[in-house]
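My notebook is open and the viewer is loaded. Here is what I looked up, entry by entry.

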Amino acid sequence: MSVRVRIAPSPTGNLHMGTARTAVFNWLFARRHGGRFLVRIEDTDRERSQPAFTDSILTGLRWLGLDWDEEPVFQSRRSRDHQEAIAALLANGRAYRCYATEAELNAMREARQAAHQAPRYDNRHRNLSPERIAAFHKEGRHAVVRFRIDDTQDILWQDMVRGPMRWQGADLGGDMVIARRAPADRIGDPLYNLAVVVDDIAMGITHVIRGEDHIANTAKQLLLYNALGAPPPCFAHTPLILNKEGRKLSKRDGVTSIADFQALGYTAAAVSNYMCLLGWSPPVELGERFGLADAAPVFGFDRVNKAGGRFDWDKLNWLNSQALHAMDGATLRNALLPRWQQAGLDTSQPRAWQEQLAALLGPSLVVLQDGVEQARPFLGPPELDDASRAQLHIEACQAALHYILQHRPRTFNAAAAKELLTAAARAAGVKKGVVMKGVRAALLGCLHGPDLLLSWELLHGVGEDDPRLRAVLR
């Protein structure tokens, strides 16, 4: 059997972290088995679906490195197939029209709530007589379409993550609505469970890999596969991503979309790496840092956890810092340049100089956005902070700066800067650290930052050191 899996997001928002992790697992499974990874955009929510969100989802998947093997399928374009499936279920008696009004359904819910019972439809219109149906038509009632569920039926499947699963029809809340309310002579818009099954059959999906919050849907969908005469796929229900309190991660937790992580300056390598670790235990020999191509040959659901995975910012930050530290100056400069420009920094320097700057800053970066603030004093006039002003008011520090400007050698580099600092400290009668702080304050406007000698050499390369040193002299 050739493996065919899919990711099926709804374009009602940006690509969510949970959907992205599910996509990663689907992609890894497909690549492990030489199968095909497909994308289906479930855009049947006409009010909330937006093309911009579709673009965001597809862009986010590409950014993570998840390539798909066939053109994306748009569920909204498959409504005829959904309608035909519903019509077939109506024709063979596996589905029926339910004319219960919203008022009647609300009364039913309130009665069960008052009796401390779980919500459930009482199947009241399952076996209507022709006379009752005619009466409802005469009243002009609209109808939903419901699928018959046998309360006594056992629903069994072997889950690739959770092992043997068993549900009963009685657990599913009564006969399931598969089409929205419409005039009695028409079939309304299909609902999720029906559309998903019809589309997965049409796409030849062999394995459905999704979050554990879909387990109840799987029980319902297995009944639909049977009613439509199609063999069901294998199912794997992966653990949810949890926040630090152990609850399902939601928008209330702040950053939850892949677009958010991109904006904060996380790399695709680190995010996709971390997505793998959220619920999957890699083999020891793989370690914690790896790419998708490294994980694919060893990925399997035998190592996917049943328990939810808590999102760990420290682990993601570490992975991202390692990814940034491994970049050479040219790669890091290319990643930082758009952020420098967006921040309004001067980026007119030669490319090679910018690459040297990126290499200088790289070891201290956790996210790319850190590279904006750290580059700011190199890419524009420094703003002295209070500690720097205090340092530059020290008389001996001023004397050392005067000495430096008078004795700086014609050929200047980091080694020459080191010798000059030593000589200036001796001439001013202070410790070398006092002079170093003064120079750093003058050049960068702060007393902390990247290596001083390399920073000085870099600023000298674009003629920025002399003006900055002179500007702080009294």
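Is Arg124 buried, partly exposed or exposed? I found Arg124 partly exposed, with a relative accessible area of 36%. (Buried means under 20% relative accessible area, exposed over 50%, and partly exposed in between, using a 1.4 Å probe and protein chains only.)

**Ground rules.** I am looking at a predicted model, where local features need pLDDT of at least 70, side-chain atom pairs count only at pLDDT 80 or more, and totals for chains, interfaces and linings use all residues. Residues are numbered from 1 along each chain as its sequence is written, and side-chain values use heavy atoms, with hydrogens and water left out.

**Salt bridges.** I searched the whole structure and got 29 salt bridges (a side-chain nitrogen of Lys or Arg within 4 Å of a carboxyl oxygen of Asp or Glu). Arg124 pairs with Asp122 at 3.0 Å, N to O. Asp122 is partly exposed too, at 40%.

Next I checked Asp199 and Arg40, whose closest N and O atoms are 3.8 Å apart. Asp199 sits in helix 6 (residues 192-202) and Arg40 in strand 2 (residues 36-41), so this pair ties together parts 159 residues apart in sequence. (Helices, H or I with at least four residues, and strands, E with at least two, are DSSP runs numbered from the N terminus.) Asp199 is buried at 0% relative accessibility, and Arg40 is buried at 0% as well.

**Gln221.** I found Gln221 in helix 7 (residues 215-227). Gln221 is buried, with a relative accessible area of 1%. Its side chain makes a polar contact of 2.9 Å with the side chain of Arg210. (That is a pair of N or O atoms within 3.5 Å; within protein, one must be able to donate a hydrogen and the other to accept it, and residues adjacent in sequence count only if both atoms are side-chain atoms.)

**Helix 12.** I counted 14 residues in helix 12 (residues 329-342), which reaches 20 Å from its first C-alpha to its last. That is close to the 20 Å expected at 1.5 Å a residue (the expected span is 1.5 Å times one less than the number of residues). I also spotted a kink of about 35° at Leu336, shortly before the proline Pro338. (The bend at a residue is the angle between axes fitted to the seven residues ending there and the seven starting there.) Among the buried residues of helix 12 are Leu336 and Trp340. After the helix comes Gly344, with a positive phi near 80°.
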